[in-house]
Amino acid sequence: MTNEEDRSADLTAYAPRRFPPVETIGGQMVTLEPIVDESRFTELWDAFSKDREGRIWDWLAGGPFADFESFSRYGREAYLAAGHRFYAFVPRESGRAEGVAALFRADLGNGVIELGHICLAPSLQRTVAASEGFFLLMELVLGSLGYRRLEWKCNDGNQGSKRAAARLGFTYEGLFRQHMIVKGHNRDTAWFSLLDSEWPAQRKAFQAWLSPDNLDADGRQVRSLRDFGPSR
């Protein structure tokens, strides 16, 4: 069935989706733990603090932070916020939290949710563990929970986030001009999406990309995700 046929299908029997439950998601290289308390805050602070220039906070509404107390206050407000399911990325190699991402802005009746609030410590950036973590979240939303649409939004100036969205298989949909004010500056927001009808082919590409056969001696992917399938 084509994407056009999927979108014209009769959805009168479509049932509202569930909000992501409080369940740990285990992968080969990383475990995603729902953040329900402050137990991982110290590990996150230690990992984030390795970015001495605080660049990981450039495109986020919070940070950088002067000390652990101010970070903890932010964590309580952001990571434990109602309507958000934040996950700590815990690489199996270290056993410590080294990044976060969230599922939020859920429209359960229409089967739509957003993936964002991504903050990865330097130790996690450009790693197989991080790649697998995104795959696990995408599979949760579009596979296990049966959502119709997964959204990715970012500041239009955040070239790294836009490249990541395209690399992971999201389709660029357009620009929301003067969408927000963040840290005293205008934010034009770039919108991307991935649909349930697109996920089976993208899942297959991810599985080949993350296969041990595609890793070099340093644990990096030999071939890009685009080499394996429909990533756009």
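Select helix α2, residues 41-48. Six of its eight residues are buried, so the helix is mostly covered (buried means under 20% relative accessible area with a 1.4 Å probe, protein chains only; helices are DSSP runs of H or I with at least four residues, strands are E runs of at least two, both numbered from the N terminus). This is a predicted model: local features need pLDDT of at least 70, side-chain atom pairs count only at pLDDT 80 or more, and totals for chains, interfaces and linings use all residues. Residues are numbered from 1 along each chain as its sequence is written, and side-chain values use heavy atoms, with hydrogens and water left out.

Stay on α2. Show Phe41, Glu43, Leu44, Trp45, Ala47 and Phe48; these are its buried residues.

Next, the cores. A nonpolar core is a set of buried Ala, Val, Leu, Ile, Met, Phe, Trp, Tyr and Cys residues joined through side-chain atoms within 4.5 Å. The largest has 40 residues. Select Leu103, Met138, Leu150, Trp152, Phe170 and Phe206, which have the most contacts inside it. Helix α4 (residues 128-144) gives this core 11 residues, the most of any contributor. Another core lies apart, with 23 residues, including Trp45, Ala78, Tyr79 and Val90.

Centre on Met138. Which residues is Met138 in contact with, leaving aside neighbours within four places in sequence? Gly143, Leu150, Leu168, Phe170, Leu194, Trp199 and Phe206 (contact means heavy atoms within 4.5 Å).

Go to strand β3, residues 84-91, and pick Phe89. Phe89 is buried, at 0% relative accessible area. Draw a C-alpha to C-alpha distance to Phe135: 12 Å in space, 46 residues apart in sequence.

Now the pockets. On a 1 Å grid over the protein atoms alone, a pocket is an open set of points where a 1.4 Å probe fits, with protein on both sides within 12 Å along at least five of seven lines; lining residues have an atom within 4 Å of a point. The largest pocket holds about 1,500 Å³. Of its 46 lining residues, select Ile118, Asn158, Gly160, Ser161 and Ala164, the closest to its centre. Colour β5 next: its seven residues are the largest share of this lining.

Finish at the second largest pocket, about 240 Å³. It has 14 lining residues, and Met29, Glu93, Ser123, Thr127 and Ala129 lie nearest its centre.

Conventions: Buried < 20%, exposed > 50% of the residue type's maximum accessible area, 1.4 Å probe, protein only. Points joined across faces, edges and corners; volume = space filled by probe spheres on them.
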